[in-house]
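These are my notebook entries on one protein structure. I wrote down what I looked up, entry by entry.

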Amino acid sequence: MAFFKKLIRNIKNRDDDDDDDDTVTVRGVKKPKYYGTVVPYPDFNASSDASVLEDAIKTKGVDEDVIISVLAKRSNDQRQKIKVVYETSAGEKLGEALKSSLRSDLEDVSLALLMTPAMFDAHLLRKATKHWGTNEKVLVEVLATRTNEQIEEIKRVFKEEYNVELEEVIKDETSGDFTKALLAMLEAKRSVSTDVNMDLAVKDAEALFEAGENHSGTDVSAFIDILTTRSGPQLSKTFQHYKIISDNSLPVALGLELKGDIEDCLVDTVKACWNTPAFFAERLHEAMKGHGTCEETLIRILVSRSEVDLKKILVQYRLMYDVSLQDDIVRDTEGHYRDILLALCGPI
């Protein structure tokens with residue numbers, strides 16, 4: 001479990017962050033700090049941007065640099081407004097225009113940026129379940145890292161777009177305990193409290209120990225219930241206490257007790273709850289290490305986290321791998337595709 005070794009060695013635990021104020025006061029009201037790398041463009045003008053994009057698309061040879069400068073430097077909300085104006089003025093949908101003008105990975109990033117967050121997530125989940133073989137990693141990544149409200153919106157959009165309930169697709173395309181875990185995530189019942197109940201942390205740690213290491217067989221339902229309903233801070237304390245009552249950390253114990261999709265699912269859920277930015281940093285690193293690059297992973301994470309916590313992911317990436325994410329992107333990608341990924345990472 002190299003991930004957790006790196007966490008212990010390089011990453012601040014939640015205990016260390018207890019005194020950090022992760023909020024900012026705006027007009028007397030405390031709000032969460034913003035850790036996205038893409039921010040609303042000042043002096044935004046949807047009509048002007050739509051006109052600039054139309055010229056860039058219709059010019060001979062296509063001006064990819066202009067397209068990148070607009071799409072990667074506008075917030076998602078601003079892009080939605082540009083789409084509306086573009087269709088009115090140009091007489092065609094912006095997505096269709098880009099699809100016919102761009103190619104390969106740059107096309108994929110650009111089209112992803114045009115989707116709303118919920119639409120993009122619904123698209124990812126549909127793609128992960130539609131073809132031969134289910135992409136279990138994507139299913140868990142999306143469902144384990146979205147808020148309750150985001151999951152409810154994803155389900156609504158999924159049904160609207162594909163005319164089928166997401167839960168029914170999960171039941172059809174997965175099986176066993178893995179299905180139960182995904183359906184539990186889709187119930188969107190994770191606590192949103194930032195307060196930690198130490199008594200509950202002790203109780204949950206003991207329940208997990210009894211359900212796994214201290215049990216003949218494994219009571220997977222106990223793991224699913226606790227890991228899909230407790231808040232991140234609450235689970236962090238539970239994980240810490242588990243190490244006190246067991247010779248193993250919880251991820252190691254899961255590896256000993258479970259195999260296959262459900263093991264990967266619950267271990268990834270633990271990682272995501274323990275430290276979400278580090279979880280994504282590991283995914284990005286795996287996408288670029290060795291021969292070849294998993295472009296789908298790079299696009300999926302950079303697009304979906306660019307207005308959430310990509311700044312934190314960049315920090316964790318350097319802490320865990322002693323190199324910047326941008327440097328690895330430069331090494332593993334090229335051309336306009338590289339340029340748009342770097343633009344999403346924000347200024348260095």
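Which residue lies over the face of Tyr41? I looked it up and found Arg74, at 3.7 Å from the ring centre. I note here that I am working with a predicted model.

Entry: I then turned to Tyr35 and found Lys312 over its face. The distance from Lys312 to the ring centre is 4.3 Å.

Entry: overall build. I looked up the secondary structure and got 22 helices and two strands for the protein chain. For the size, I noted a box of roughly 70 × 45 × 45 Å around the C-alpha atoms, taken along the principal axes. I compared the radius of gyration with the rule for a compact globule: 348 residues would give a value near 20 Å, and the chain has 21 Å, so the two agree. I also looked up the contacts with a separation of 6 or more, and 70% of them join residues 24 or more positions apart.

Entry: surface and burial. I find that 49% of the 348 residues count as buried. The accessible surface of the chain is about 17,400 Å². Carbon and sulfur atoms hold 49% of that surface.

Entry: the core. How many residues does the largest nonpolar core have? I read 103, and those with the most contacts inside it are Ile67, Leu98, Val109, Leu250 and Leu325. Helix α17, residues 261-274, gives the most to this core, with eight residues. I picked Leu325 and listed what it touches, leaving out residues up to four places away in sequence. The list is Leu284, Met288, Leu302, Leu314, Tyr317 and Cys345.

Entry: aromatic pairs. I found five in the structure. One of them is Phe239 with Trp274, whose ring centres are 5.5 Å apart and whose planes meet at 5 degrees, so I put the pair down as stacked. Phe239 belongs to helix α15 (residues 232-245) and Trp274 to helix α17, so this pair ties together parts that are 35 residues apart in sequence. I checked the burial of Phe239 and Trp274, and both are buried. Next I looked at Phe279 and Phe280, with ring centres 5.3 Å apart. Their planes stand at 65 degrees, and planes over 60 degrees apart count as edge-to-face, so I put the pair of Phe279 and Phe280 down as edge-to-face. Phe279 and Phe280 are buried as well.

Entry: a covered helix. I went through helix α14, residues 220-229, and found eight of its ten residues buried. They are Val220, Ala222, Phe223, Ile224, Ile226, Leu227, Thr228 and Thr229. What covers the buried residues of α14? I noted that the cover includes α12 (176-186), α13 (198-211), α15, α16 (250-257) and α17.

Entry: one lysine. I looked up Lys159 and placed it in helix α10, residues 148-162. Is Lys159 buried or partly exposed? Its relative accessibility is 33%, which lies between the 20% limit for buried and the 50% limit for exposed, so I count Lys159 as partly exposed. Leaving out residues up to four places away in sequence, Lys159 touches Val164 and Glu165. I also took the distance from Lys159 to Asn248, which is 42 Å from C-alpha to C-alpha. In sequence, Lys159 and Asn248 are 89 residues apart.

Methods: Residues are numbered from 1 along each chain as its sequence is written. This is a predicted model: local features need pLDDT of at least 70, side-chain atom pairs count only at pLDDT 80 or more; totals for chains, interfaces and linings use all residues. Side-chain values use heavy atoms; hydrogens and water are left out. A nonpolar core is a set of buried Ala, Val, Leu, Ile, Met, Phe, Trp, Tyr and Cys residues joined through side-chain atoms within 4.5 Å. Buried means under 20% relative accessible area, exposed over 50%, partly exposed in between (1.4 Å probe, protein chains only). Helices (H or I, at least four residues) and strands (E, at least two) are DSSP runs, numbered from the N terminus. Contact means heavy atoms within 4.5 Å. Rings of Phe, Tyr and Trp (its six-membered ring) pair if their centres lie within 6.5 Å; planes under 30 degrees apart count as stacked, over 60 as edge-to-face and the rest as tilted. A charge sits over a ring if NZ of Lys or CZ of Arg is within 6 Å of the ring centre and within 35 degrees of the ring normal. The radius of gyration is taken over C-alpha atoms; the globule rule is 2.2 Å times the number of residues to the power 0.38. Accessible areas come from the Shrake-Rupley method with a 1.4 Å probe; for residues, only the protein chains shown count as cover.
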